[in-house]
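Hi everyone, thanks for making time for this one. Could we have the sequence and the model up on the screen, please?

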Amino acid sequence: MKCCDTTQIFFGGFSYVKMNLEGDRMIPIYVKSVYSYLNSLITIDDLISLAMEKNWKNLCLCDDNMHGVMEFIRKCEKHAINPIVGVDYHGFLLYAKNYQGYQNLLYLEKVRNNHEITINDLKYISDDLICLIDCQNKNIDEFKHVFKDIYVYSSDKKNLQYSYL
(Lines give C-alpha, C1' and ligand atoms only; values in the text may rest on other atoms or scores of the structure.)
Protein backbone atom coordinates (compact mmCIF):
# COMPACT_ATOMS: atom_id res chain seq x y z
CA MET A 1 0.00 0.00 0.00
CA LYS A 2 1.23 3.45 -0.91
CA CYS A 3 0.31 6.08 1.70
CA CYS A 4 -0.55 9.64 0.84
CA ASP A 5 0.24 12.68 2.96
CA THR A 6 -3.00 14.23 4.22
CA THR A 7 -4.04 17.00 6.55
CA GLN A 8 -7.48 17.77 7.88
CA ILE A 9 -8.41 21.46 7.82
CA PHE A 10 -11.53 23.45 8.57
CA PHE A 11 -13.18 26.13 6.46
CA GLY A 12 -16.47 27.78 7.29
CA GLY A 13 -17.18 25.26 10.04
CA PHE A 14 -16.91 22.24 7.72
CA SER A 15 -13.92 19.96 7.45
CA TYR A 16 -12.26 18.83 4.28
CA VAL A 17 -9.06 17.01 3.47
CA LYS A 18 -5.96 18.23 1.70
CA MET A 19 -4.01 15.57 -0.13
CA ASN A 20 -0.52 15.65 -1.60
CA LEU A 21 -1.21 14.41 -5.13
CA GLU A 22 1.67 15.96 -7.05
CA GLY A 23 4.86 16.32 -5.05
CA ASP A 24 4.69 19.37 -2.83
CA ARG A 25 1.35 20.77 -4.04
CA MET A 26 -1.46 20.30 -1.53
CA ILE A 27 -5.01 20.59 -2.81
CA PRO A 28 -8.35 20.17 -1.05
CA ILE A 29 -10.08 17.02 -2.28
CA TYR A 30 -13.20 16.71 -0.13
CA VAL A 31 -14.96 20.04 -0.43
CA LYS A 32 -18.73 20.37 -0.27
CA SER A 33 -20.66 23.43 -1.36
CA VAL A 34 -24.16 24.76 -0.79
CA TYR A 35 -25.27 22.27 -3.46
CA SER A 36 -24.80 19.48 -0.86
CA TYR A 37 -28.01 20.51 0.79
CA LEU A 38 -27.86 20.82 4.60
CA ASN A 39 -24.15 19.84 4.57
CA SER A 40 -22.33 23.06 3.73
CA LEU A 41 -22.73 26.82 3.55
CA ILE A 42 -19.74 27.32 1.25
CA THR A 43 -20.64 28.90 -2.09
CA ILE A 44 -18.77 28.29 -5.34
CA ASP A 45 -17.67 31.95 -5.24
CA ASP A 46 -16.25 31.39 -1.73
CA LEU A 47 -14.26 28.38 -3.00
CA ILE A 48 -12.90 30.32 -5.96
CA SER A 49 -11.93 33.24 -3.70
CA LEU A 50 -10.13 30.89 -1.32
CA ALA A 51 -8.28 29.21 -4.19
CA MET A 52 -7.17 32.57 -5.56
CA GLU A 53 -6.11 33.77 -2.10
CA LYS A 54 -4.07 30.58 -1.52
CA ASN A 55 -2.78 30.58 -5.12
CA TRP A 56 -4.13 27.07 -5.75
CA LYS A 57 -4.00 25.98 -9.38
CA ASN A 58 -6.38 23.03 -8.78
CA LEU A 59 -9.66 22.88 -6.89
CA CYS A 60 -11.97 19.95 -6.16
CA LEU A 61 -15.69 19.91 -5.60
CA CYS A 62 -17.19 16.73 -4.15
CA ASP A 63 -20.86 17.35 -3.44
CA ASP A 64 -23.58 14.76 -2.90
CA ASN A 65 -24.84 15.52 -6.41
CA MET A 66 -23.73 17.30 -9.58
CA HIS A 67 -26.06 20.28 -9.40
CA GLY A 68 -23.27 22.84 -8.95
CA VAL A 69 -20.70 21.31 -11.29
CA MET A 70 -21.27 23.54 -14.33
CA GLU A 71 -21.09 26.71 -12.21
CA PHE A 72 -17.95 25.34 -10.55
CA ILE A 73 -16.26 24.48 -13.87
CA ARG A 74 -17.12 27.81 -15.51
CA LYS A 75 -15.91 29.87 -12.57
CA CYS A 76 -12.71 27.83 -12.21
CA GLU A 77 -11.90 28.24 -15.89
CA LYS A 78 -12.63 31.97 -15.70
CA HIS A 79 -9.95 32.27 -13.00
CA ALA A 80 -7.44 29.83 -14.59
CA ILE A 81 -8.03 27.16 -11.94
CA ASN A 82 -8.16 23.49 -12.92
CA PRO A 83 -11.55 22.10 -11.77
CA ILE A 84 -11.61 18.56 -10.39
CA VAL A 85 -15.07 17.06 -10.07
CA GLY A 86 -16.12 14.38 -7.63
CA VAL A 87 -19.31 13.00 -6.11
CA ASP A 88 -19.86 11.72 -2.57
CA TYR A 89 -21.87 8.48 -2.71
CA HIS A 90 -21.94 8.03 1.09
CA GLY A 91 -19.31 5.40 1.80
CA PHE A 92 -17.22 6.07 -1.28
CA LEU A 93 -16.14 9.09 -3.30
CA LEU A 94 -15.58 9.12 -7.05
CA TYR A 95 -13.47 11.69 -8.92
CA ALA A 96 -13.29 12.17 -12.68
CA LYS A 97 -9.81 11.70 -14.18
CA ASN A 98 -10.81 13.23 -17.49
CA TYR A 99 -13.81 14.18 -19.61
CA GLN A 100 -14.90 10.54 -19.97
CA GLY A 101 -14.79 10.24 -16.18
CA TYR A 102 -17.01 13.31 -15.96
CA GLN A 103 -19.45 11.66 -18.38
CA ASN A 104 -19.34 8.53 -16.19
CA LEU A 105 -20.29 10.58 -13.13
CA LEU A 106 -23.23 12.03 -15.05
CA TYR A 107 -24.28 8.49 -15.99
CA LEU A 108 -24.09 7.40 -12.34
CA GLU A 109 -26.28 10.33 -11.30
CA LYS A 110 -28.86 9.13 -13.80
CA VAL A 111 -28.58 5.58 -12.44
CA ARG A 112 -28.89 6.85 -8.86
CA ASN A 113 -32.22 8.47 -9.75
CA ASN A 114 -33.58 4.99 -10.56
CA HIS A 115 -31.90 2.78 -7.94
CA GLU A 116 -29.01 2.60 -5.48
CA ILE A 117 -25.65 2.31 -7.24
CA THR A 118 -24.21 -1.21 -7.19
CA ILE A 119 -20.82 -2.70 -8.01
CA ASN A 120 -22.28 -3.86 -11.34
CA ASP A 121 -23.08 -0.24 -12.23
CA LEU A 122 -19.40 0.64 -11.68
CA LYS A 123 -17.67 -2.25 -13.48
CA TYR A 124 -17.63 -0.83 -17.00
CA ILE A 125 -16.98 2.81 -16.18
CA SER A 126 -14.29 2.59 -13.50
CA ASP A 127 -11.22 3.21 -15.71
CA ASP A 128 -11.75 6.96 -15.87
CA LEU A 129 -12.59 7.39 -12.19
CA ILE A 130 -10.58 7.57 -8.97
CA CYS A 131 -12.28 5.94 -5.99
CA LEU A 132 -11.83 6.83 -2.33
CA ILE A 133 -13.59 4.35 -0.08
CA ASP A 134 -14.18 4.37 3.66
CA CYS A 135 -12.28 1.55 5.37
CA GLN A 136 -15.51 0.69 7.19
CA ASN A 137 -17.33 -0.01 3.93
CA LYS A 138 -18.31 -3.72 3.83
CA ASN A 139 -17.79 -3.91 0.05
CA ILE A 140 -14.15 -2.84 0.05
CA ASP A 141 -12.90 -6.12 -1.47
CA GLU A 142 -15.36 -5.82 -4.36
CA PHE A 143 -14.23 -2.23 -5.00
CA LYS A 144 -10.58 -3.36 -5.18
CA HIS A 145 -11.47 -5.61 -8.12
CA VAL A 146 -13.35 -2.87 -9.97
CA PHE A 147 -11.09 0.20 -9.68
CA LYS A 148 -7.48 0.59 -10.83
CA ASP A 149 -7.10 3.80 -8.81
CA ILE A 150 -8.54 3.24 -5.35
CA TYR A 151 -7.65 4.83 -2.04
CA VAL A 152 -8.94 3.78 1.36
CA TYR A 153 -9.62 6.36 4.05
CA SER A 154 -10.72 6.34 7.64
CA SER A 155 -13.82 8.38 8.39
CA ASP A 156 -12.61 8.63 11.99
CA LYS A 157 -11.75 12.35 12.11
CA LYS A 158 -9.12 11.79 14.84
CA ASN A 159 -7.22 9.19 12.82
CA LEU A 160 -7.52 10.51 9.27
CA GLN A 161 -5.30 8.90 6.66
CA TYR A 162 -5.39 7.57 3.11
CA SER A 163 -3.77 4.51 1.65
CA TYR A 164 -3.46 3.36 -1.95
CA LEU A 165 -4.49 -0.23 -2.61
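Let me start with a definition for accessibility: buried means under 20% relative accessible area, exposed means over 50%, and partly exposed is in between, using a 1.4 Å probe and protein chains only. By that scale, asparagine 55 is partly exposed, at 47% relative accessibility.

A quick word on where this comes from. This is a predicted model, where local features need pLDDT of at least 70 and side-chain atom pairs count only at pLDDT 80 or more, while totals for chains, interfaces and linings use all residues. Residues are numbered from 1 along each chain as its sequence is written, and side-chain values use heavy atoms, with hydrogens and water left out.

Back to asparagine 55, then. Its phi is positive, about 60°, although asparagine 55 is not a glycine. You'll find asparagine 55 in the loop between H1 and strand S5 (58–63); helices (H or I, at least four residues) and strands (E, at least two) are DSSP runs, numbered from the N terminus. Leucine 38 also has a positive phi in a residue other than glycine, near 65°. Leucine 38 sits in the loop between strand S4 (25–28) and helix H1 (44–54), and with a relative accessible area of 88% leucine 38 is exposed.

Now to strand S5, which contains leucine 61. Is leucine 61 buried or exposed? Leucine 61 counts as buried, at 3% relative accessibility. The C-alpha atoms of leucine 61 and phenylalanine 72 are separated by 7.7 Å, and these two are eleven residues apart along the chain.

On to charges. How many salt bridges does the structure hold? There are eight, where a salt bridge is a side-chain nitrogen of Lys or Arg within 4 Å of a carboxyl oxygen of Asp or Glu. I'll walk you through some of them.

In helix H2 (residues 69–78), lysine 75 and glutamate 71 are four residues apart, about one turn of the helix. These two form a salt bridge, with the closest N and O atoms 3.0 Å apart. Lysine 75 is partly exposed, at a relative accessible area of 23%, and glutamate 71 is partly exposed as well, at 25%.

Another salt bridge joins aspartate 127 to lysine 148, with 3.7 Å between the closest N and O atoms. That pair links distant parts of the chain, 21 residues apart: aspartate 127 is in the loop between helix H4 (119–122) and strand S8 (129–134), and lysine 148 is in the loop between helix H5 (140–146) and strand S9 (150–153). On accessibility, aspartate 127 is partly exposed at 44%, whereas lysine 148 is exposed at 57%.

Aspartate 141 pairs with lysine 144, the closest N and O atoms being 3.4 Å apart. Both lie in helix H5, three residues apart, about one turn of the helix. Aspartate 141 is partly exposed at 48%, and lysine 144 is partly exposed at 40%. There is also a network: Lys32, Asp64 and Asp88 are joined into one by salt bridges that share partners.

Next, the aromatics. The structure holds four aromatic pairs: rings of Phe, Tyr and Trp (its six-membered ring) pair if their centres lie within 6.5 Å, and planes under 30 degrees apart count as stacked, over 60 as edge-to-face and the rest as tilted. One of these pairs is tyrosine 89 with phenylalanine 92, which is stacked, at 5.4 Å centre to centre and 25° between the planes. Both tyrosine 89 and phenylalanine 92 are buried. Together, Tyr89, Phe92, Phe143 and Phe147 form one aromatic cluster.
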